[in-house]
Amino acid sequence: MARRARAERPLAAAQPPAGRAGARHVGRGGGGVVSGGYPQPERSRGVIALVEQNCTVCMLCVRECPDWCIEIDSHVERKPAEGPGGRPHSVHVLDRFAIDYGLCMYCGICVEACPFDALFWAPDPGYSALDVRDLVHERDRLGEWVKDVPPGALPAGLELPGASEGSQPAAGGPAAD
Ligand code: SF4
Ligand code: SF4
C-alpha cells in the first residue's frame, strides 16, 4: 500500500524546489541561467570569473583556498618612474592563473578573500567535462566567465577589456620591493 501511495503522489510534489539546478544545462533565461528547465538564481555559485586587470598577484586567494586548487605564476618587472618625483619600482606581472574545478568545493573563500575585486561568481554550471584535465580553467577561460557575472555584482565603473585583451598580463600590481 505504501508503494502505491507514493506512485499516486501528485507530480508537482516530486518537483525540486524552485531554484534548484537540474542535471542538464540547456541555455539561459531572463532572470539567470536555465539548467534542466529550472532557473539558476543570479547569485548562485556556478563558476568563478577572473577580472584579470584587477588582479595584483597578491596571492591571498591561493593562500586562503582550503583545497589548493588555485595556481598562480608571476614574475617581477621593473617599471620606470611615473611623474615628477616618482621612483622606478617593481611590480608583479601575472603569467598564469588557473582554477582546478576538479578540486574546488565552491566554498567561495577566494571570492571573499580577494581585496581587489578580481574574483566573482557567475551563475553558470555548464562546464562539465569528460576529461578531468578539462576542469582546469586557465586565465583566458576564467576571464570569459566575466560576461556572465550579474552586472550588479561587478564594481561600479569597471571597464572590461575586449575578449582578445583578456589575456594581457596584469600590470601595476603591488610593489615587489
Ligand atoms: S571556491 Fe573555495 S575551493 Fe574553490 S577555488 Fe575558491 S577557495 Fe578554493
Ligand atoms: S585574484 Fe585577488 S586575491 Fe587572488 S591574487 Fe589576484 S588580487 Fe590577489
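The shell around ligand 2 consists, by class, of 12 nonpolar residues, 1 polar residue and no charged residues, where Ala, Val, Leu, Ile, Met, Phe, Trp, Tyr, Cys and Pro count as nonpolar, Asp, Glu, Lys and Arg as charged, and the others, Gly among them, as polar. Of the 13 residues around ligand 2, those that come nearest are Cys-55, Cys-58, Cys-61, Cys-114 and Ala-118, a residue being near if its C-beta atom, placed from the backbone, lies within 6 Å of the molecule.

This is a predicted model, in which local features need pLDDT of at least 70 and side-chain atom pairs count only at pLDDT 80 or more, while totals for chains, interfaces and linings use all residues. Residues are numbered from 1 along each chain as its sequence is written, and chains are lettered from A and ligands numbered from 1 in the order in which they are written.

## Surroundings of ligand 1

Ligand 1 is surrounded by 13 residues, of which Cys-65, Cys-104, Cys-107, Ile-109 and Cys-110 are the closest; by class, its shell has 11 nonpolar, 1 polar and 1 charged residues.

Strands are DSSP runs of E, at least two residues long, numbered from the N terminus. E4 pairs with strand E7 (residues 119–122) in the antiparallel sense over 4 bridges, pairing requiring at least two DSSP bridges, and Phe-120 in E7 is the bridge partner of Ala-49.
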